[in-house]
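Please open the model in your viewer and keep the selection tool at hand. The tour moves through a few selections, one after another.

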Amino acid sequence: MDRECVWLLPGVCEVLAGSGRCLPDDTSLEKLLDWFTGIREAGGSLLEACPCLLEFTSSVVLNTASDPGVLSFTLRLAGLLAATEDGLKMLQERSVLNQVFNLQHWQEAGLWEDPCLRIGWVQGLRSMMQHPKALTFFVQSGFTDPLLRLQTDTSLFVASAANQTLAHILLFFQPASSLGCKGVDKREEEEEDKGKTRASITDFPAVINDSSAEYTAVVTAISEYLKESLVPKENTKHHQSLQVLKLLALLLAQAGPRLRDQLLSAAADSLEDVVTAGCSQLTLPLMDVILAACSSGTDERVPDRRVTRLLSTMLNVNKPADLIHAAAAFLRRGRLDTVHTARAVRILLLPLHIITGQNLLDTSTTEDERQFSEQLKSKTCCISMICVSLTNTPQITLMPPDVLPCPQALIVSAVLSLLKICSGVSSSSSTGCSEVCRNVISSGKVQKCALEALTALSSSSSGEKEKISEVFTVLIQYLDNPDSDPTVLHKSYQALVKWMSLCTDLSFITEQLRKDLEEVVKKRVCDMRWEVRDSTVEFLGHLAGVHVSQKCAEESLLGGCCTTPLLKEALQDTESYVRASAVSALAKTRTHRWQKGAALAEEETETASQLLEILSQDSEGFPRRAVVRYFTSWFSSHLPPSSSSSSSLLMQCVRSVLSHGSTDLDWEVKVHTLELAELLLDEAFSGHSSYRKASNSLHAPLHPYGVVSDQTYTLHTHTGAHTHSVESHLAGLVEQGVLSALLSGLVDCDRPVALKACRLLIALRDTISHSESTVACELQGWGWGLEVRRVLGRKDGDLAGSLNGEAESVSVSVCELLRCLGLDERLQVLTQSSDHVHNSPRSLLQDILTASAAHAHPDAQRGPEVIVDCY
């Protein structure tokens, strides 16, 4: 431990013990506990490193006037101190342990009613239970019953903590012989690697054995508790059953064979009673318990008969609304046995089967169908059940043939029929279900679920032309429907693009469908709602990215004569999101032309000019970011530099983008600009053996404070070797403004920008370090140029002295400049982040003392309020 921390800690303990109240920032107590926990997990002794903690714990526990937050902190700290056998022994010798966890003491003081204290007591026990002596203390103190009572505490936080603590005790102290082969293997692995700390509650200490009376007592108490508490006695007891089921699911999922069998033996009858009671609130927790028991079986091929019986009951006796949720839970787990999977699939398809009249199950009317039909007459139940059914249809279509009751195409037809019913275009072919159909007409929730299902179903579709044509017809109707809300329209576009990607040939799409789509897109791109305009513009971009066969590479569902004018119009939209989407869509429509090296069209010149205007003048960051990405995409797609008009225009634009983008106020615009600069570096030096891409050679974690670009660009493959020298390439980069952009980024106040610029400059420095280049660059006397001069002044006095006059631009050798900037040292600082200064125990302790002093003398305080640093 840091010596200064050791010196500061007694003062902090004195502040906490004597203040009688919590600190201004109570998260500081959590940070202290995190620090102490880290010391213990690293193998250090808290009491040896911080002997003042023992006296602090004793004094706080006896002072019942302390703030509940400080008391809760002290209880948790005591648990950490007792997490080793030596620590527990020392606390017992000083009578501190009994004082801390004495329930009667806290109840008589009237503090037990505060959930803050109760959770501290529970979490303190949880931290302590790391060795057999702690288990002995726990049992002998009679803490099992109080911990069981806290399972249903009025505070959800306390109940959850009690749940986790009880599970930890049962699983952590399992006898070694109850673990089975896997448990023995795990212990052997841990003995081979003693440097590893425990990673979960399924790591077990070797000293517990089958004859542990304490462990047996805990198991017995919990088994009795399960028998008595699982079945709700009255409606008000559902909360108790829910908590007990959560505990049981947690235990069964990780228990060894012996403990699992004990728990199932104790709970089986009660579980069956709960299942047959048909309480809707307990359906999903019950399925969690049953599926946890299935997953933890010793032999998956021979399932436990008790568990199988419970599962069969869950999938047969409940009300339709509960049945469908149980079936969905079973299917989500992914454990498939033919009988139960077939039953679950049937249950999930029933609502769709009934409401659409499609013969998905190929059976005559059954009792299930009668019950489901009655339930579907209730609008709330109908919408809920049909949405669950739709959500699971994509997974159902992936089932093996012996489980799937109908062809996949029939399920797609059923979803399309439902979409038609929802929009009022058609009615169900099923007789006598008009009342059910009325429940879903104009239901936005059902429409969204159906569209999501339709989108997912494209993955399992065989792509029959007739089916795709029907899908297009329904989706275009939705896009044209004036009652469709923005989200429904957005999902319709997504489904259309997804199904279009299945097409290898668009010739079967009728001219009428093309015309209908063109008309609806033109209408929606002018919609009053910006969300709809944005979705439409995005769709036009995605449309260009859909891959069709080489034969039809030039073919598009919408001709360019329609798409490009709409996108150019959208560049003037009043909403920045729409403008940004329009820029991105334009890039997608032109990628194919760029890759082919097609001749420059007049409209491209106009568009480039318009985009540069957006970069320099748009008040919102989203469009400006999109513009930089547009040119980055163009540059990464273009053919090797040539004298073509297209290449000439591109390089002119690149220079402007680097100039404007590197001085933008938005840090993401600057990062995207540096991505363009990186591509220029790659193209210039990719043929030189000394060049290493910055992204490959200098790894660093993602920046924690913002989302940087997740888009990767790869240069269009160029053939032929680079014949130009380093000198000419470097001169070209300086002339294009690459070096200016990198130097500007290096001294930028936004760390992601400076970090990327620093990496790129290091890659450039390493490439040219062995050359005799005399290429120079200009350092201006203001802005970033002045900042670079100041850096040089600190790093190299001789070079700084040669930069005479701050008001004028001066020329300096690039090689000399990169050598003197101290880039490696700067990279280390940038990569380290500010947390190494502020997020430290020493900083925390100093803040606590400073805040305490300020609040102790409020009259003497001047300036802003002093609070604890909340790093």
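This is a predicted model: local features need pLDDT of at least 70, side-chain atom pairs count only at pLDDT 80 or more; totals for chains, interfaces and linings use all residues.

Residues are numbered from 1 along each chain as its sequence is written, and side-chain values use heavy atoms, with hydrogens and water left out.

Begin with the aromatic rings. Rings of Phe, Tyr and Trp (its six-membered ring) are paired if their centres lie within 6.5 Å, and planes under 30 degrees apart count as stacked, over 60 as edge-to-face and the rest as tilted. By this rule there are 15 aromatic pairs. Select F138 and F143, an edge-to-face pair with 6.2 Å from centre to centre and 65° between the planes. Buried here means under 20% relative accessible area, with exposed over 50% and partly exposed in between (1.4 Å probe, protein chains only). F138 counts as buried because its relative accessibility is 0%, and F143 counts as buried at 6%.

Next, select S58, which is found in helix α4, residues 52-62 (helices, H or I, of at least four residues, and strands, E, of at least two, are DSSP runs numbered from the N terminus). S58 counts as buried because its relative accessibility is 16%. Leaving aside residues up to four places away in sequence, S58 touches V96 and Q99, where contact means heavy atoms within 4.5 Å. Finally, show S95 as well: S58 and S95 are 37 residues apart in sequence and 8.6 Å apart in space, C-alpha to C-alpha.
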